[in-house]
Amino acid sequence: MDGAIGFVVAHGDAVDRARLSWLRTGAPPLPEVLADVEMGSAPDGGWPAVWGGEIASVDATCFRLAELDDLGALDRPAARKALDWLAARQGPDGTWEEHESLAREAPDWAKPGDAEAELFLTANAAFWLTVAGLDARAAGPLDHRVGGVYAGSVHAAAKAIADRLHPDGTWPSFLAAGWLSAAVLYRQELFYESARIQGVLGDRLPQMSPADVAWMASALVRVGVSPDDWLLVAARRRLAETQRSDGGWPSEDGDTFDVHTTLLVIRAAR
């Protein structure tokens with residue numbers, strides 16, 4: 001952890017260092033840092049993607065919520081509005097898709113009309129609505145239910161996810177959809193379905209990139225899976241084996257995302 005912290009301090013920007021401080025000590029970020037992360041939201045909530053013009057994106061909004069979560073800012077108006085927007089964007093079958101106008105620009109994992117993208121976005125959106133419901137600051141009349149104020153949305157999403165699982169625990173989507181789905185199902189007390197996915201993830205762990213292992217571990221920890229769970233123990237072992245001599249972990253998306261990957265590891269070990 002000392003090496004990871006040193007890497008973020010040396011190579012991160014002001015937002016990265018603020019995320020590090022909150023993850024380590026709960027230190028509140030400066031107002032200008034929060035303003036930087038929250039800027040650019042669409043009028044009705046959510047954030048556009050860099051590839052999507054001015055239309056709010058489910059994928060981009062989930063990514064921005066992850067940054068705000070690392071700043072302890074999911075209770076702020078921008079995040080609450082984005083979460084409400086996510087809930088309102090859910091389809092009648094419990095799933096999410098990007099707006100059809102983004103079809104030409106969207107990457108594979110966010111392509112409207114694509115079944116694999118639909119499952120990934122459903123798991124991602126449901127994960128963040130689950131996190132918001134777990135957060136004690138998400139005050140609302142339904143907070144005693146799993147999913148808090150978004151209980152209905154999360155329940156419908158969990159059913160849609162469970163219905164798409166194969167008998168062997170695999171899922172018809174990208175790898176990340178697996179651990180996001182496992183996290184959502186775990187909080188819905190669908191433990192058998194979640195465990196089936198986790199078993200598949202355990203088999204794939206030796207071939208996963210460090211960034212994927214970090215994302216998986218941080219997602220499961222965030223929804224309350226025990227750090228002593230066998231999959232998280234194996235994930236920590238894998239991360240220990242792949243840490244670089246400079247203290248960081250590599251990202252498949254290029255050197256500029258190495259700090260983000262390293263922050264995911266720190267979040268998982270929090």
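Colleague: How much space lies in the largest pocket?

Modeller: The model is a predicted one, and in it the largest pocket holds about 1,200 Å³ of space. Of the 38 residues that line this pocket, Asp59, Phe63, Trp215, Asp253 and Phe257 are the closest to its centre. Two or more lining residues come from each of the helices α3 (31-38), α4 (58-69), α6 (115-134), α8 (175-187), α10 (210-222) and α12 (258-268), and α4 gives the most, with seven residues.

Colleague: What is the make-up of the lining of the largest pocket by class?

Modeller: The lining of the largest pocket has 24 nonpolar residues, together with six polar and eight charged ones.

Colleague: Which residues line the second largest pocket?

Modeller: The second largest pocket, with about 200 Å³ of space, is lined by His11, Asp13, Val15, Asp16, Arg19, Phe63, Glu67, Asp255, Thr256, Phe257, Val259 and His260. At least two of its lining residues are supplied by each of α2 (14-25), α4 and α12, and α2 gives the most, with three residues. By class, the lining of the second largest pocket comprises four nonpolar, three polar and five charged residues.

Colleague: Why is Ser57 called buried?

Modeller: The label buried applies under 20% relative accessible area, and Ser57 has a relative accessibility of 0%, so Ser57 counts as buried. Ser57 lies in strand β2, which covers residues 56-57.

Colleague: Which residues does Ser57 touch beyond its neighbours in sequence?

Modeller: Leaving aside residues up to four places away in sequence, Ser57 touches Trp47, Pro48, Ala49, Trp51, Trp85 and Glu98. In the case of Trp47, which is ten residues from Ser57 along the chain, the two C-alpha atoms are separated by 6.0 Å.

Colleague: What makes the approach of Ser57 to Glu98 a polar contact?

Modeller: The cut-off for such a pair of N or O atoms is 3.5 Å, and the side chains of Ser57 and Glu98 are joined by a polar contact of 2.7 Å. A polar atom of the Ser57 side chain also lies 3.0 Å from the backbone nitrogen of Ala60.

Colleague: How do you know that Glu118 and Arg164 meet in a salt bridge?

Modeller: A salt bridge requires a side-chain nitrogen of Lys or Arg within 4 Å of a carboxyl oxygen of Asp or Glu, and the side chains of Glu118 and Arg164 meet at 3.3 Å, N to O. Glu118 belongs to helix α6 and Arg164 to helix α7 (residues 151-164), so this pair ties together parts that are 46 residues apart in sequence. With a relative accessible area of 15%, Glu118 is buried, whereas Arg164, with 28%, is partly exposed. The search of the whole structure finds ten salt bridges.

Colleague: Why are Lys159 and Asp163 described as separated by about one helical turn?

Modeller: Lys159 and Asp163 are four residues apart in helix α7, so about one helical turn separates them. The closest N and O atoms of their salt bridge are 3.0 Å apart, and both Lys159 and Asp163 are exposed.

Colleague: What parts does the pair of Arg244 and Asp258 tie together?

Modeller: The side chains of Arg244 and Asp258 meet in a salt bridge at 3.0 Å, N to O. Arg244 lies in the loop between α11 (230-242) and α12, while Asp258 lies in helix α12, so the pair ties together parts that are 14 residues apart in sequence. At 27% relative accessibility Arg244 counts as partly exposed, whereas Asp258, at 4%, counts as buried.

Colleague: Which residues do salt bridges that share partners join into one network?

Modeller: That network consists of Asp16, Arg19, Glu67, Asp70 and Arg267.

Colleague: Why does Glu189 count as exposed?

Modeller: The label exposed needs over 50% relative accessible area, and Glu189 has a relative accessibility of 56%, so Glu189 counts as exposed. Glu189 is found in the loop between α8 and α9 (191-204), and Glu189 has a positive phi of about 65 degrees although it is not a glycine.

Note on methods:
Residues numbered from 1 in each chain as written. Predicted model: local features only at pLDDT ≥ 70, side-chain atom pairs only at ≥ 80, totals over all residues. Heavy atoms only, no water. Buried < 20%, exposed > 50% of the residue type's maximum accessible area, 1.4 Å probe, protein only. Contact = heavy atoms within 4.5 Å. Polar contact = N/O pair within 3.5 Å; in protein donor to acceptor, adjacent residues only side chain to side chain. 1 Å grid on protein atoms, 1.4 Å probe; cavity = no way out; pocket = protein on both sides within 12 Å on 5 of 7 lines; lining within 4 Å. Points joined across faces, edges and corners; volume = space filled by probe spheres on them. Nonpolar A, V, L, I, M, F, W, Y, C, P; charged D, E, K, R; others polar.
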